[in-house]
Amino acid sequence: MPTVDLAKTSLRELNHALHQLKNGSNETAWEVINPKGSHAVAAGVDQPVQIDVRGSVGYYCGGMNDGGAITVHGSAGPGVGENMMSGTIVVKGDASQYAGATARGGLLVIEGNASSRCGISMKGIDIVVHGDIGHMSAFMAQTGTLVVLGDAGDALGDSIYEAKLFVRGKVKSLGADCVKKKMHPKHIDRLQKLLDAAGVKGVKPEEFTRYGSARTLYNFNIDNADAY
Amino acid sequence: MCGIVGLFLKDKSLEPKLGELLSEMLVSLSDRGPDSAGIAIYGSGGGKKSKITIQSADPKGDFAGLDKEVEKAIGAKVDVIVKSTHAVIEVPTDKVEAARDAILAARPSVRIMGVGEVIEIFKEVGLPADVVKRFDLTKMSGTHGIGHTRMATESAVTTMGAHPFSTGPDQCLVHNGSLSNHNNVRRELKHDGMTFETENDTEVAAAFISNKMAHGDNLGQALEKTLTDLDGFFTFVVGTKNGFGVVRDPIACKPAVMAETDQYVAFGSEYRALANLPGIEDARVWEPEPAKVYFWEH
């Protein structure tokens with residue numbers, strides 16, 4: 001198992017080595033030590049390899065991930081998993097703002113709290129946060145699922161499209177066009193699968209409330225013409 | 001961008017290392033802003049003695065013989081410690097105003113960087129590592145300090161446009177962000193007698209807090225008022241003689257991480273700045289909440 005010590009090896013060398021991996025490579029388990037808040041750790045991974053990062057990372061860890069299984073044994077700075085395509089990222093600690101922003105696929109699990117703008121403009125990713133999320137989360141979220149075991153901050157799901165939001169705790173306020181919705185059996189199923197995938201135990205899907213788009217912003221309303 | 005750091009020590013045994021720790025924190029954030037850098041250190045002394053930190057474009061010419069001239073003008077002993085383009089002038093506390101006037105009368109071209117019983121401020125154009133070296137900041141001891149590395153957005157890259165800004169005795173502020181109503185606020189503060197050295201938005205924030213504190217607010221109350229009266233993006237870290245405060249605007253775009261142990265409270269724009277602090281592995285590390293005032297006092 002390759003171990004890369006970022007106190008001795010440059011970040012560029014680490015990411016270059018990860019980008020050189022070919023399909024079927026035997027180097028399937030990597031360990032990164034001494035990240036000390038470095039930016040873009042394991043960004044752009046496109047092979048199904050396991051990467052364990054021992055410590056806290058800075059901006060954009062696992063950005064653009066396409067198939068990698070990345071675990072951060074610490075906290076993550078802004079933009080963890082930004083634009084992820086597929087694969088898994090698990091953050092054992094907290095995540096800073098815009099976790100999973102614009103991501104198109106894969107699973108992002110944050111075992112602590114996520115900050116503001118979690119899942120902003122998400123386009124297919126599934127995000128499970130064990131703790132709370134901050135304000136303006138799922139802003140303009142297009143598709144995918146955001147699951148929050150704790151509370152959500154102000155303006156959840158502002159200008160949301162078709163993403164599904166499930167919150168177990170309190171929501172401080174809903175953003176424009178985001179409304180509470182009924183849980184159907186297919187939502188219970190979907191939620192159970194995500195809770196299982198995220199390693200959540202002892203929590204039932206029925207404890208969550210579903211939120212989504214009221215779809216009133218989809219088309220221009222002539223009654224609002226005076227507002228422009 | 002911009003990078004800001006702050007360190008407030010609870011454990012006296014770390015005081016000799018304050019300059020070293022704070023310098024390392026600041027240098028780690030160099031790529032957040034290469035234009036200029038500065039540090040304010042709250043050091044020893046106080047009480048009967050006060051410090052005036054001045055800066056000159058011609059340190060050799062301006063600082064030579066200044067001690068004698070100020071002594072003559074104020075009738076008291078004066079110590080001048082020159083550090084590159086800056087000099088720290090130690091004077092009796094009851095003669096601070098007279099000394100300040102005497103310095104400006106004798107050397108009209110020097111700039112006052114800060115005044116107080118314990119504060120010393122050093123800031124210059126250039127990378128944090130160069131600024132740290134120029135002023136020998138790693139050797140400084142103290143109880144708390146704040147630092148800034150600047151990527152200029154609002155006003156010119158000059159020594160006076162660098163942070164920290166000090167607008168009141170033993171007070172200073174560093175800022176990441178930009179204010180949109182600073183011209184209006186500056187005008188209001190001028191009406192109330194505040195004076196300004198630059199057109200910089202951050203100086204307005206510093207003066208706003210100094211003004212509120214001069215009217216009787218404590219640090220926490222003054223910081224609360226920034227949330228209602230200042231418009232724009234900001235993460236502020238503020239130092240006072242015995243205090244240290246942090247506040248972020250309600251949108252909180254500008255990054256911030258804090259850490260607390262039995263030995264210190266630390267602030268960094270990013271975790272990188274905190275990563276080498278002693279005992280960080282076991283520290284409580286968190287992101288300060290938007291629109292929430294945090295402050296600590298000795």
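I began with helix H7 (residues 201-214) of chain B, which lies across E9, strand E10 (171-179) and E11 of that chain and runs at about 135° to E10(B). I noted next that helix H8 (residues 219-229) of chain B also packs on the sheet, where it touches E11, E12 and E16 of chain B, and that its direction makes about 15° with that of E12(B). I keep in mind throughout that this is a predicted model.

**Entry: the sheet under these helices.** I traced the strand order in chain B as E9-E10-E11-E12-E16, an open sheet of five strands with antiparallel pairing. Strand E9 (165-168) and strand E16 (294-297) of chain B stand at the edges with a single partner strand each, so one side of each is left without a neighbour in the sheet. For the twist from one strand to the next I have an average of 20°. I then looked at one pair within the sheet: strand E11 (residues 232-239) and strand E12 (residues 243-248) of chain B are joined in the antiparallel sense over five bridges, and across this pair I found B:Val237 with B:Val246 in E12(B) as its bridge partner.

**Entry: strand E5 of chain B.** I asked myself why strand E5 (residues 86-92) of chain B counts as largely enclosed by the rest of the structure. Five of its seven residues are buried, so I record E5(B) as largely enclosed; the cut-off behind this is that a residue is buried if 20 or more other C-beta atoms lie within 10 Å of its own. I looked up its partners as well: strand E3 (residues 49-55) of chain B runs antiparallel to E5(B) and is joined to it by seven bridges, with B:Ser50 bridged to B:Val91. Strand E4 (residues 79-83) of chain B pairs with E5(B) too, in the antiparallel sense over five bridges, and B:Lys83 stands opposite B:His86 in E5(B). The hairpin of E4(B) and E5(B) has two residues between the strands, and I noted that B:Ser84 there takes a positive phi near 55°.

**Entry: domains of chain B.** The domain assignment gives domain 1 as 3-44 + 125-297 and domain 2 as 45-117. I find their C-alpha centres 24 Å apart, with 14 residues from domain 1 and 11 residues from domain 2 taking part in the contact. On the side of domain 1 of chain B that touches domain 2, I list five nonpolar, four polar and five charged residues.

**Entry: chain A.** Here I followed an open sheet of 11 strands with mixed pairing, in the order E1-E2-E3-E4-E5-E6-E7-E8-E9-E11-E10. Strand E1 (3-5) and strand E10 (178-181) of chain A are the edge strands, each pairing on one side only, and the twist in this sheet averages 15° from one strand to the next. Among its pairs I checked strand E6 (residues 107-110) and strand E7 (residues 123-129) of chain A, which run parallel and are joined by four bridges; A:Val109 has A:Val128 in E7(A) as its bridge partner. I also placed helix H2 (residues 185-197) of chain A, which lies across E6, E7, strand E8 (143-148), strand E9 (164-167) and strand E11 (209-213) of chain A, running at about 65° to E8(A).

**Entry: between the chains.** Last, I asked how many residues the contact takes from chain B and from chain A. I have nine residues from chain B and 12 residues from chain A. By class, the side of chain B that touches chain A has six nonpolar and three charged residues, with no polar ones.

How values were computed: Residues numbered from 1 in each chain as written. Chains lettered and ligands numbered in written order. Predicted model: local features only at pLDDT ≥ 70, side-chain atom pairs only at ≥ 80, totals over all residues. Buried ≥ 20, exposed ≤ 12 C-beta atoms within 10 Å, placed from the backbone. Pairing = 2+ DSSP bridges. Axes fitted to C-alpha atoms, helices over the stretch in contact; angles between N-to-C directions. Contact = placed C-beta atoms within 7 Å. Nonpolar A, V, L, I, M, F, W, Y, C, P; charged D, E, K, R; others polar. Domains from an automatic or database assignment.
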